[in-house]
Amino acid sequence: MASAPSTTASTLAAPPHSPLSPARGPRLHATLRLSPAHPASARCCVAPAAPGGLARSRARVRCFAAVKSIGQSEFAAEVLESELPVLVDFVADWCGPCRLIAPVVDWAAVEFDGRVKIVKIDHDANPQLIEEYKVFGLPALILFKNGQEVPGSRREGAITKDKFKQYLEPLLATSTVS
């Protein structure tokens, strides 16, 4: 009778020259595939930690579903002139709640695909937009329809997937703008 193959730690470890190898340390750059339920274009990358920083606590995970990062120069074309409603997520790399809500925003981009476009704006790189739209807390969500902010659409702070859905569904159903 044949025995089952051994699954010791040495056989489960990544090959020595793999991007997932522990020998590479804090400069880990790996592309991770999500479950088959997610589109093939959805992927996550582990960005390296800042030099001298703690690799594991400071490494950033960036997910690229249907969420596009834009800046001041693209704001008018991507948000104000969009045919679809646009949910703008104001974020910063140093913001803990922004990192906490990132997977929820990526989920929403897939879940509400075709009904709303979701874009991210880096707080530090776009001070004019931050001032113009009076973004005081991060993360901040603002929905735009027909080039204008939807009244009551501002939301600050982290949010769960269920609360996000409860927040966005009624806003997409309304057709009024400020």
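Predicted model: local features only at pLDDT ≥ 70, side-chain atom pairs only at ≥ 80, totals over all residues.
Residues are numbered from 1 along each chain as its sequence is written, and side-chain values use heavy atoms, with hydrogens and water left out.

**Overall**
- The protein has six helices and nine strands, taken as DSSP runs (helices H or I, at least four residues; strands E, at least two) numbered from the N terminus.
- Of its 178 residues, 35% count as buried (under 20% relative accessible area, 1.4 Å probe, protein chains only).
- Among contacts (heavy atoms within 4.5 Å) between residues at least 6 apart in sequence, 59% join residues at least 24 apart.

**Helices H4 and H6**
- The axes of H4 (residues 96–111) and H6 (residues 161–173) come within 10 Å and cross at roughly 50°; axes here are lines fitted to C-alpha atoms over the stretch in contact, with angles running from 0 to 180 degrees between N-to-C directions.
- On the H4 side, Val-104, Val-105, Trp-107, Ala-108 and Glu-111 meet Lys-161, Phe-164 and Lys-165 of H6.
- Those contact residues divide into five nonpolar, no polar and three charged, with Ala, Val, Leu, Ile, Met, Phe, Trp, Tyr, Cys and Pro counted as nonpolar, Asp, Glu, Lys and Arg as charged, and the others, Gly among them, as polar.

**Ser-82**
- Ser-82 sits in the loop between helix H3 (72–80) and strand S5 (86–91), and counts as buried at 13% relative accessibility.
- Leaving aside residues up to four places away in sequence, Ser-82 touches Ala-77 and Lys-117.

Key: Buried < 20%, exposed > 50% of the residue type's maximum accessible area, 1.4 Å probe, protein only.
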